[in-house]
Amino acid sequence: MVLSDTASWHGRRGADLTQPVRQASRSPGEVSPREAPIRASVTLLALLLAACDGEPPAQLRVAGGDPERGRAVAASHGCGACHVIPGVRGANSWAGPPLMEWARRGYLAGHLPNSPENLVAWLRDPQAIAPGSAMPNLGLTEKEARDAAAYLFTLGADQLPPVPAGLPLGPKEAGPREEPRIRPRA
Ligand code: HEC
């Protein structure tokens with residue numbers, strides 16, 4: 001394509017393309033009065049998103065678990081030595097599976113449905129569920145395990161699809177199969 005074509009495509013025919021578009025006379029970084037409220041709400045939204053991932057739906061809430069305490073449990077019990085856990089300082093090891101967006105995970109330790117009670121059981125005693133697993137028993141109390149599980153289920157909770165969280169649909173639950181759109185030529 002020729003340069004003049006490109007210019008007219010952008011509606012700037014005749015403009016000197018070697019010159020930057022002239023800005024309104026405002027110093028860099030200054031926000032126009034019209035933009036200010038938009039910027040403020042974008043900043044607020046970003047802060048809210050950074051503060052927590054979200055409240056999990058009822059079926060992913062851990063009875064008796066406090067997510068904020070759980071975050072502290074994860075930090076104090078060295079989970080970060082083996083896992084990436086968003087929001088937990090220093091938890092950036094890839095020795096074990098990363099735990100980001102945990103609420104979206106379908107299975108736990110490869111075979112258990114990822115439910116709150118299964119996660120609590122895992123955190124209390126991974127060796128009972130997967131003997132010989134590289135995840136050691138860390139001696140969490142029932143309360144600590146509930147708190148840690150509650151924290152993990154906040155991760156990615158705001159990104160859940162509108163189907164029952166984490167549970168894949170069985171063959172008969174997904175509705176009738178659509179006819180293939182492309183048929184082989186006769
Ligand atoms: C010494 C390394 C190590 C430490 C410390 C550790 N884990 Fe693990 N963790 C692993 C490994 C390895 C696996 C994978 C185990 C498996 O699937 O058999 C795992 C699995 C998990 C899983 C299931 C992940 C999945 O994808 O199925 C969760 C959840 C978890 N750990 C949470 C924690 C928490 C919370 C802590 C701290 C209380 C912790 N882990 C401490 C190594 C560790």
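Helices here are DSSP runs of H or I, at least four residues long, numbered from the N terminus. Keep that in mind as we go.

Some ground rules. Residues are numbered from 1 along each chain as its sequence is written. The model is predicted: local features need pLDDT of at least 70, side-chain atom pairs count only at pLDDT 80 or more, and totals for chains, interfaces and linings use all residues.

Confidence next. pLDDT is the predictor's confidence in each residue, from 0 to 100. The chain has a mean pLDDT of 79, with 63% of its residues at 70 or more. Residues 1-14 fall below 50; beyond near neighbours in sequence, that stretch has 6 contacts in the model. A contact means two C-beta atoms, placed from the backbone, within 7 Å. Residues 47-51 also stay under 50, and there the model has 0 contacts beyond four places in sequence. Where pLDDT is low, the predicted coordinates should not be read in detail.

Now the helix pair. Helix α3 covers residues 67-76 and helix α6 covers residues 142-152. Their axes come within 7 Å and cross at roughly 105°. The axes are lines fitted to C-alpha atoms over the stretch in contact, with angles from 0 to 180 degrees between N-to-C directions. So α3 and α6 are roughly perpendicular, a label for 65 to 115 degrees. On the α3 side, the contact uses P67, R69, G70, R71, V73 and A74. On the α6 side, E144, D147, A148, A149, A150 and Y151 take part. By class, that contact has 7 nonpolar, 1 polar and 4 charged residues. Nonpolar is Ala, Val, Leu, Ile, Met, Phe, Trp, Tyr, Cys and Pro; charged is Asp, Glu, Lys and Arg; the others, Gly among them, are polar.

Why call α6 largely enclosed by the rest of the structure? Because 9 of its 11 residues are buried. Buried means 20 or more other C-beta atoms within 10 Å of the residue's own, exposed means 12 or fewer, and partly exposed is in between; C-beta atoms are placed from the backbone. The buried residues of α6 pack against α3 and α4, residues 116-124.

On to the ligand. It is surrounded by 24 residues, the closest being C79, C82, G96, S133 and M135. Near means a C-beta atom, placed from the backbone, within 6 Å. The shell splits into 18 nonpolar, 6 polar and no charged.

Last, Q127. Q127 sits in helix α5, residues 126-129. Q127 counts as exposed because 11 C-beta neighbours lie inside 10 Å. Leaving out residues up to four places away in sequence, Q127 touches S133 and N137. The C-alpha atoms of Q127 and N137 are 6.4 Å apart, at 10 residues' separation along the chain.

Terms used
Helices (H or I, at least four residues) and strands (E, at least two) are DSSP runs, numbered from the N terminus. Angles under 35 degrees count as roughly parallel, over 145 as roughly antiparallel, 65 to 115 as roughly perpendicular and the rest as oblique.
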